[in-house]
Amino acid sequence: MTLWLAMRYSFSPQGRHRSRSIRLAFTIAVSMAAVLIIISIMEFLQEGRLERIRNVRSFDTVVEGDFTDEISALYPDFEVFSYGEADALISGHAARIRFIDDDYDGGVMMLGGEMDSLVVSYPMLFSLPDSHSASVMLLSEGKSGRVLPSSYSFPISGVYTTAMGREFDELYAFMPLDSMPAGIGMHTALKGRDVSKELSAIGYDAVSWKESESALYSAFMLEKMMMYMVLLLLFIIISVSMKQTVRIFYEERTPEIAELMILGMNARTVRMSFRLSFMMILAIGILAGYVLALILMPIAGNYLDAIFHRGTGLAVPYDGLFFLSLFLIAVTLAFTAKSRRRAEELPLEDILHE
C-alpha cells in the first residue's frame, strides 16, 4: 500500500504530478552530472601531473646506494633500477646529470642521436653556446669526504624529451652509467608502489616521492582542498534548490495527505508514502545523473586529450558519486521531515476547506 501510494503521487498525470516529478528528476540529474564531471576533470589533471612526476623525476621509492639485486628480490613484481645523480654546471648553466644504463625506466624518449655521451633536451641545447659539446663541472665526493668540483668536456651525442616537458627537461641531462666519475652518489629506484616505510624498517635509507616532492605535494593537497571547498558551495546551492523543491512538493500534496488521514489511514503510513514518493524521484535523478555523466565524460575526455595530448580518459569518481548521493539523501530527509511537520500543524478541516 505504501509503495502504491508513493508511485501514485509521484507519477500520476493528475494534478501535474508527473510533469513536476520529471522536472525535479531532470534538475537533480543535471546537477549530479555536472558535479561528477567537474570532479573527474580536476582529478584527471592533478593525477596526471602526479603520475608524470612519479614516472620521470621522483619515483615511488628511492633508496640511497645501489641495491638493485636486493630490492628486486624483495619486490619481484615491481620495476627496480639504479642510477647516479649529481649537481652540475653545463657550460655555465645549473643542472643535474643522471647517469643511467639500459635498465633505467624514467620516461626518457630520444628525439635524436644516441645515449653515448652527454644527452640534453632541446630547451637546454638552445641555451648552450656550442651545440656539439659542452663543458661540465660536477660536484662529487672525494676520498676525504669533501664535495669537490671536477671539470670535464663531453660531446653532445643526443637530444631527449620527457612527459614532464620543460619543467624537467630544462634542468636535467643524461649520460651513460659506465662514464660516471668516481664519487657520484648512486640511487636505487622502485616504481609501482611506495614501499619506503617497509624498506626503512629493515635498514635502508629510503625516501618516498611524497617526501622528495614535499613542497609540490603540499601545494597539490591544498589545491585539492580548495577544489572540494568550491564543490561544497555547489552542494549548498543544490541543497537550497532541494529545500525549495521539497517545500513546494509538500504544499501541493497537503490536501492529499489530509484526505488520506481523514479516511482513516494510519498517519505513519501516510508520512512514509509521501517521503518515499520524493525519495523515488531523488533516486531516479541520481541514477539519471550517473548515466548522463557516463555519456558526457568520453566527450569531455576526448576534448582534454586533444589539449594535453594524453590518451587517458576521464573516469567516474565513484567516491564523489557516493558522498554526493549521501548528501542529497540526508538533506532531503531533513527537509521532508521539516516540511511534513509544517504541513501537519494546520487542522485537517482547515486544509480541506482551503
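What pLDDT does the protein chain average, and what share of the residues score at least 70? Please then turn to the aromatic pairs, and in particular to Phe59 and Tyr83.

Modeller: The protein chain averages a pLDDT of 79, and 78% of the residues score at least 70; pLDDT is the predictor's confidence in each residue, from 0 to 100. This is a predicted model, in which local features need pLDDT of at least 70 and side-chain atom pairs count only at pLDDT 80 or more, while totals for chains, interfaces and linings use all residues. Residues are numbered from 1 along each chain as its sequence is written, and side-chain values use heavy atoms, with hydrogens and water left out. Confidence is highest in strand 8 (residues 172–176), at a mean of 94, and lowest in helix 11 (residues 348–353), at 48. Helices (H or I, at least four residues) and strands (E, at least two) are DSSP runs, numbered from the N terminus. Where pLDDT is low, the predicted coordinates should not be read in detail.

The structure holds 16 aromatic pairs. Rings of Phe, Tyr and Trp (its six-membered ring) pair if their centres lie within 6.5 Å; planes under 30 degrees apart count as stacked, over 60 as edge-to-face and the rest as tilted. The ring centres of Phe59 and Tyr83 are 5.9 Å apart and their planes stand at 70°, so this pair is edge-to-face. The pair links distant parts of the chain, 24 residues apart: Phe59 belongs to the loop between helix 2 (17–56) and strand 1 (61–64), and Tyr83 to strand 2 (residues 79–90).

Buried means under 20% relative accessible area, exposed over 50% and partly exposed in between (1.4 Å probe, protein chains only). Phe59 is buried because its relative accessible area is 1%, and Tyr83 counts as buried because its value is 3%.

Phe59 and Tyr83 also belong to a cluster linked by ring pairs, together with Phe81, Tyr104, Tyr160, Phe168, Tyr172 and Phe174. Val108 lies in the loop between strand 3 (93–100) and strand 4 (109–113), and is partly exposed because its relative accessible area is 24%. From Val108 to Val56 the C-alpha distance is 7.7 Å, although the two are 52 residues apart in sequence.
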